[in-house]
Amino acid sequence: MKFIPKLSIVLFAILLASCSKKETAFVDPLLTNRDTTVNPADDFFQYANGGWFKRNPIPATERSNGIFRMIQDTIDKQIKNICEEAAKDDDALKGSNKQKIGDFYASGMDSLAINKAGIKPLKQELARINSVIDVQGVLATMAYMHTVGAHPGFGFYVGQDDKNSSKNALFFSQGGLGLGQRDYYFNTDEPTVKIRNEYVKHLQKMMELSGEKAEVASKSANVIMKIETDLAKASRKIEALRDPLKNYNKMSVAQFSALTPNIPWDKMLVSLRVKNADSVIVGQPEFYKALNVMLQSYSVEDWKTYLKWDLVNTYAGYLDKSFEEQNFYFYSTVMSGVKEQRPRWKRIVEQTNSSLGELIGQVYVEEYLPKGSKEKLLEIGNNVRDVYAEHIKKLDWMSEATKKKALYKLSKVVMKVGYPDKWKDMSSVIIERNSYCKNVISVNQWYYNDMASKYGKPVDRTEWGMFPQTYNAYYNPSNNEICVPACNIIVPGFEGRMPDDAVLYGIIGGSTFGHEITHGFDDQGSQYDDKGNLKNWWTAEDLKKFNAKTKLIVQQFNKYNVVDNKFVNGDATQGENIADLGGVVMGYEAFKKTKQFKNNEKISGLTPNQRYFLSYAYAWMVNTNKEALAQQVMTDVHSPAKFRIIGPLSNLKEFYETFNVKPNNKMFVPENERVVIW
């Protein structure tokens, strides 16, 4: 990915009191969320949020529960209204946004038609796979499957060239793993071994559902597992994927073909619907060397089995009940500890939004986004950027030459807030009410074609990478931009009133704007210049000092035991940990400039500092089951929520002073070991 999104919270309050018929007593969530039996100096995560966790256990349908789920439930209900209204409109013009939203949602809710169709929606793609007779047919089909939403064999996308951000380039990366990450194929701890064993059983069951007899399906499962294990063996670990220079290997198409003599990339690019390609950027060349050998070491029939699995795995959730339930059992129950599926309407609402979010977003902005949201968010964002500049100017470890370039990059950070000024044209997408799976395929084809068509065209820097109703945010180093979608305006517990500045700056200022801006200066983002090009702008001495500081945060997080002696991967998560630390610091500095802080105004008996740190903890109020935590440690570049709170706060002297942290407390870190970067 060109950017790594952060599951962050941007909360903006809306004054609804004028719409209320009756004033209700305010119950401050910063008070009620707490578990006061816990010492905040020992475990601030549990102290700040434990009361809410006790009253709200993780539902059987979820891997976690907390502020993310509360807000997502609100968004889902809003989108459900949009979908149901569209589905009821029999007079919606064919090809209109309303017709597409309504028919997509209705097709997903029609479980009778879905169960009757079985695997038939994949008939055309399965026939293509079955017709393959040689290696070149394997390759052509492998490439074709990328155009319909599957991802067999390798990873491919079109995006900004890291060293020339004004141009779009072709990127090839490692991929093709049904378990997602390489370590699932090799780690020897008991939970991972169990997942591997269950995966083989899952493969057999899915191949049986696809029409194979049990004995044949068993052999197919073993073949698939062997192929994926070989692909995993050639794949880099998650932390090794974080170095943009080592994962940038530009070469001509001819050079790429010479690297892999069994793969004619000029023909593959035609199958991938890319024209006039002159060069490619290969993330992990050793992976493609291994794939080149594997094309000969496995038979054509073996590869056909693998391709069939990848297709079925991609679309299992949109097929009949037997496929859907088996897919849920393995990927949600076995891997994430989720016991029950969500109600069907929730699943279909979220898929409709995922597929047609560009269309739904236009309705969402009109019907659910209060006026003035953009302006207020930008105000807070700019205040955070201002204090960031003040901090950079005062750094005692950075030279004036590097400070000047850092300040210039900071001044050029683009803030995309609320919703895009222009929407994508999805008029060519055909949606019918008679096949849910085919609708998903149709949308996937549109997105692929939209991506592929960018090659050879100038980069559109106004394009958004998220929908306005997406509860998330990101920093894109190639554009030197942050994006904060509109839906992040919901503040659970503050309905009908404006939250105080401690809340606004603890959540919007700290965990979002401060966090995302810091991504421009983390271990990865710091390697890109103000125009988004992978280019060193540091002096050698300053870079050495910076790397020493980032090493300290890696060491700090490596010590955190998440579950069953699985520790945070400090190397893999260091970018997010740096951003969390920078975010909470910059949010606090911006908060200090407010009237509430200057007047030392108490609210609900809490001082400004107490409210700020409790608000920051509220931003990460997420309770996760142990299976999902174990999965997160292996696959995610974000630390679990608990450590996104206690990790950064353990480095702040203001936190120590506010909650009386002493050497005998669990969160205490000796002053000479505390991490201070930005």
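Q: How many of the residues of helix α25 (residues 641-649) are buried?

A: Buried means under 20% relative accessible area, exposed over 50% and partly exposed in between, with a 1.4 Å probe and protein chains only. Helices (H or I, at least four residues) and strands (E, at least two) are DSSP runs, numbered from the N terminus. In α25, 8 of 9 residues are buried, and the helix is mostly covered. The buried ones are Ala-641, Phe-643, Arg-644, Ile-645, Ile-646, Gly-647, Pro-648 and Leu-649.

Q: What kind of model is this?

A: It is a predicted model, in which local features need pLDDT of at least 70 and side-chain atom pairs count only at pLDDT 80 or more, while totals for chains, interfaces and linings use all residues. Residues are numbered from 1 along each chain as its sequence is written, and side-chain values use heavy atoms, with hydrogens and water left out.

Q: What radius of gyration does the protein chain have, and what would a compact globule have?

A: The radius is taken over C-alpha atoms, and the globule rule is 2.2 Å times the number of residues to the power 0.38. For 678 residues the rule gives a value near 26 Å; the protein chain has 25 Å, which agrees. Its C-alpha trace spans about 75 × 65 × 50 Å along the principal axes. The chain holds 26 helices and 11 strands, and 59% of its 678 residues are buried.

Q: At what angle do helices α8 and α13 cross?

A: Axes are lines fitted to C-alpha atoms, for helices over the stretch in contact, and angles run from 0 to 180 degrees between N-to-C directions. The axes of α8 (residues 190-209) and α13 (residues 300-315) come within 11 Å and cross at roughly 90°. That makes α8 roughly perpendicular to α13; the classes are under 35 degrees for roughly parallel, over 145 for roughly antiparallel, 65 to 115 for roughly perpendicular, and oblique for the rest.

Q: Which residues of α8 and α13 meet?

A: Contact means heavy atoms within 4.5 Å. Tyr-199, His-202, Leu-203, Met-206 and Met-207 of α8 meet Thr-305, Lys-308, Trp-309 and Val-312 of α13.

Q: Is Val-158 buried or exposed?

A: Val-158 lies in strand β2 (residues 155-161) and is buried, with a relative accessible area of 8%. Leaving out residues up to four places away in sequence, Val-158 touches Asn-168, Ala-169, Leu-170, Met-451, Ala-452, Lys-454 and Tyr-455. By contrast, Val-158 and Lys-116 are 42 residues apart in sequence and 37 Å apart in space, C-alpha to C-alpha.
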